[in-house]
Amino acid sequence: MIKLNNISIAFGHVALLDKIALRIDNKERICLIGRNGEGKSTLLKIISREISADQGQLEYQTGCRIALLSQEPQFKANDTVFHAVAKSLGTVGQLVEAYHNLVQRLAHNNDEDLLAQLETVQHRLEAEDGWRLEQRVETVLSKLKLPSEQTLGEMSGGWRRRVALAQVLVTEPDILLLDEPTNHLDIDAITWLEENLLEFKGGLLFISHDRRFMQRLATRIIELDRGKLTSYPGDYGNYLRRKEASLAAESTQAAKFDKHLAQEEIWIRQGIKARRTRNEGRVRTLKKLREQRTQRREQIGKIRLNLDSGESSGRIVIEAEAISKNYQNTPLIDDFSTLIMRGDRVGLIGPNGVGKTTLLKILLGELPPDSGTVKHGTKLSIAYFDQLRAQLDPEETVVDAIAQGQETITINGHKKHVMSYLSDFLFAPARARSPVKSLSGGERNRLLLASLFTKPTNVLVLDEPTNDLDVETLELLEDLLSNYPGTLLLVSHDRHFLDNVVTSTIIFEGNGQIKEYVGGYQDWLRQRTVPAPSKKAAAVLPKPRPQKTRKLNYKEQRELANLPEQIETLETEQAELQSLISQPDFYRGDQINQSLARLKTLEAELQTAYERWEILEAVEN
C-alpha cells in the first residue's frame, strides 16, 4: 500500500528520522512505538502528506486513501457532532449535512420553501450515492454512541476524542493512521475500538503506549529509536523478548568498539613511531573510528522518579457515609459509602462523564455532596494530578513551572539544582528554558509529574496520568506507585496500569450505582462474571478424589531428556526466520508465503513442546 525509502527529516541539528525505510501492506496492523519526542507523530504526518520530508521517496498504491487521527485534533466549538463528522466526507458530506439539517428544521416547521430545498438536496444525493454515505455517518455515530445534535463545545475531552475517531472511520480509508487513539477513551470505548480495528480491511499504522491494546492488535511492532526504524514481526510480547536481546548485543558491540578505540588512542600517543610510512593506514583507520564514535547516538537515559511521601497521615484517610450527588436531575452518585485507609491504592473505573472526577472532588472536600458526609483523617498532605493539565501556565518556561524563579528545590529534605532535577525527567537544558506551550503531550505530562513530586505528600490523587507517556516511563511510574507508602486515588482507563498498581477498585455501574471490589481491572472482571455458589449447591458438590501418584516410564523419561534440545533447535530456526522476515527486501522474494507458513508452524510446535515439557516435569516432581 505504501513504501518509504531513505526518509530523513531534522529539526535543528538532530535527525528525527535518519534514512528510514518502511513498507505497509494491506491488512497489516503495525504498532509504532518509541520514547516521547523521537518523531513518531512526525512520521505519521509525513505518510499522510501533512508535512514533507527533507529527503527520501514515498510510493503509494494508485488511489490509496489515507486518514490520520492526530494526537490533538482541532474542532470548532459551535459545530454539532453530525456536522463535524459529515464534513470529513468533503462535498458529499456537505450535502448529507444539508439534508440532515433540513429534516431537523422540517420537524418543527412544515414550510414549503424548506420542502423544495429538501427535494433538491435529495436529487443531488441520489446522483452522488449520498444515501450510502449518510447511512455510514449514522452507523458510526451509533456505534460510538455519539449524540448527533450536541455541540462539541459542550463535550468532554473523551467525547471529543470519539468524534475525531468517527471522522476518520467514516471515510473508510485504505490506510488508517492513528496517533494515540486510546487517549481519553474509557474502557468500553477502547474495547469497541479494538473489536472494530480487528475487523478493519485496510492497512493500519498506530502509535500507542497502551500495552494491552498493542498486544491484542499488533501483527508487527516497529520501533523508532535514535532516528532509526527497526521492525519486529509478531506481537508485543515477542517484541519485548527480541528487544532485550538486541540491546544486550548493542551494548556488547559498543563495549568492544570503545575498547579497540582506546587501544588505538594509546598507540597514536607513542609519537613519531606511530607516524612512520608503514603505519599511515592505521592512522587513517583511527580517524574513521573517531568519526564513527562521534556519530554514535547513545540511547536516551531513563527518567528518574523520586516521590517525597512526607509525614505519615493518620490511619483513617477518608470516610464517606451515604453520599449522593445529582447533576441536572441525573444521579451521578447514589448513597455511596467507603472507608479509605492509609496505604490503600484505589482505582476508579467507569465511562467518561459518569462522575469519577466529581467523586474525587467530593472525597477531597472540594465539592459538597447533596447528602451524606465526608470526614478526613489527620495530617493529610494531598497532591492532585489534573488530566487537563490546568495547573500548567502555557506562557511560563519549564524551569519556572518547577522552581518559580529559584535555582534550587528541596526533595526529600535535600536541596537540588532545578536543572539537575529536570534532567531526571529527561529535559535537556535548552528544552528546560522553552515555554510550556511548546511541549508535546508526553513532555507536559512529565513536567506535571515533576512539579507534583516536588511537594511532600501522603495522599496522591492522579486523574488520567498515563496519557501520552511512553511505555518505559509508565513502567517506572508503576514501580514508584507500587512502593509508595502513602495513599493513592487513581483514575485511569489503562487496564494494564490498573492491574499493576491498585489494590482495590471503585466501579461506576450506571444510574449512580457505585460498588467496590478487591484487586485491579482483571480481578473486577472475574468477580462480576463468576456468581458465588449457593450454600445448597456447595453442600452437594462431590468431594475431590485423591489422585494416584505415578512415575515416568522409560519412554517418557527419554522424551523429557530430549525436549530441551528439541526446543532449542526450534527456537533457533524461529529466530533465523524472524530475522529474515525483518529484512526490508524480504517481501520482494519468492519465498514469502512459504517462510510465513513455516514461522506459524514453528510457533505451534514450540507451544506443544513447552506444554509437553510442563506436563512431564509435573509428573516427575
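Tutor: Start at a contact between two side chains: glutamate 180 and histidine 209 make a polar contact of 2.6 Å. The model is predicted: local features need pLDDT of at least 70, side-chain atom pairs count only at pLDDT 80 or more, and totals for chains, interfaces and linings use all residues. Residues are numbered from 1 along each chain as its sequence is written, and side-chain values use heavy atoms, with hydrogens and water left out.

Student: Why is the pair of glutamate 180 and histidine 209 called a polar contact?

Tutor: A polar contact is a pair of N or O atoms within 3.5 Å; within protein, one must be able to donate a hydrogen and the other to accept it, and residues adjacent in sequence count only if both atoms are side-chain atoms. The value here is 2.6 Å, so the pair is within the cut-off.

Student: What makes glutamate 180 a residue without a salt bridge?

Tutor: A salt bridge needs a side-chain nitrogen of Lys or Arg within 4 Å of a carboxyl oxygen of Asp or Glu. For glutamate 180, the nearest side chain of opposite charge is lysine 40, 6.1 Å away.

Student: Why is aspartate 335 called exposed?

Tutor: Its relative accessibility is 54%, so it counts as exposed. Aspartate 335 is found in strand 11.

Student: Which residues form the negative surface patch?

Tutor: Glu319, Glu321, Asp334 and Asp335. Patch residues have over 30% relative accessible area and no salt bridge; like charges are joined within 9 Å, nonpolar side chains (Val, Leu, Ile, Met, Phe, Trp, Tyr) within 5 Å. Asp and Glu count as negative, Lys and Arg as positive; His and the chain ends are not counted. Strand 10 (316–327) and strand 11 (330–341) each supply at least two residues of the patch.

Student: What makes aspartate 18 and lysine 228 a salt bridge?

Tutor: Their N to O distance is 3.4 Å, so the pair meets the salt-bridge rule. Aspartate 18 lies in strand 2 and lysine 228 in strand 9 (residues 228–233), so the pair ties together parts 210 residues apart in sequence. Aspartate 18 is partly exposed at 26%, and lysine 228 is partly exposed at 41%.

Student: Where do arginine 220 and glutamate 28 lie?

Tutor: The two form a salt bridge, with the closest N and O atoms 2.9 Å apart. Arginine 220 is in strand 8 (residues 220–225) and glutamate 28 in the loop between strand 2 and strand 3, so this pair ties together parts 192 residues apart in sequence. Arginine 220 is buried at 10%, and glutamate 28 is buried at 10%.

Student: How many salt bridges does the rule give?

Tutor: The count comes to 18. Another of them joins arginine 598 and glutamate 605 at 3.6 Å, N to O. Arginine 598 is partly exposed at 29%, as is glutamate 605 at 32%. Salt bridges with shared partners also join Glu194, Glu195, Asp210, Arg216 and Arg495 into one network.

Student: What makes helix 1 mostly covered?

Tutor: Of its 8 residues (40–47), 6 are buried. They are Lys40, Thr42, Leu43, Leu44, Ile46 and Ile47. Helices (H or I, at least four residues) and strands (E, at least two) are DSSP runs, numbered from the N terminus. Just after helix 1, arginine 49 takes a positive phi of about 70 degrees.

Student: Which residues of helix 11 are buried?

Tutor: Lys356, Thr358, Leu359, Leu360, Ile362 and Leu363. That is 6 of the 8 residues in helix 11 (356–363).

Student: Why is glutamate 464 called buried?

Tutor: Its relative accessibility is 6%, so it counts as buried. Glutamate 464 has a positive phi of about 55 degrees although it is not a glycine.

Technical notes
Buried means under 20% relative accessible area, exposed over 50%, partly exposed in between (1.4 Å probe, protein chains only). Accessible areas come from the Shrake-Rupley method with a 1.4 Å probe; for residues, only the protein chains shown count as cover. The place of a charge is taken as NZ of Lys, CZ of Arg, CG of Asp or CD of Glu.
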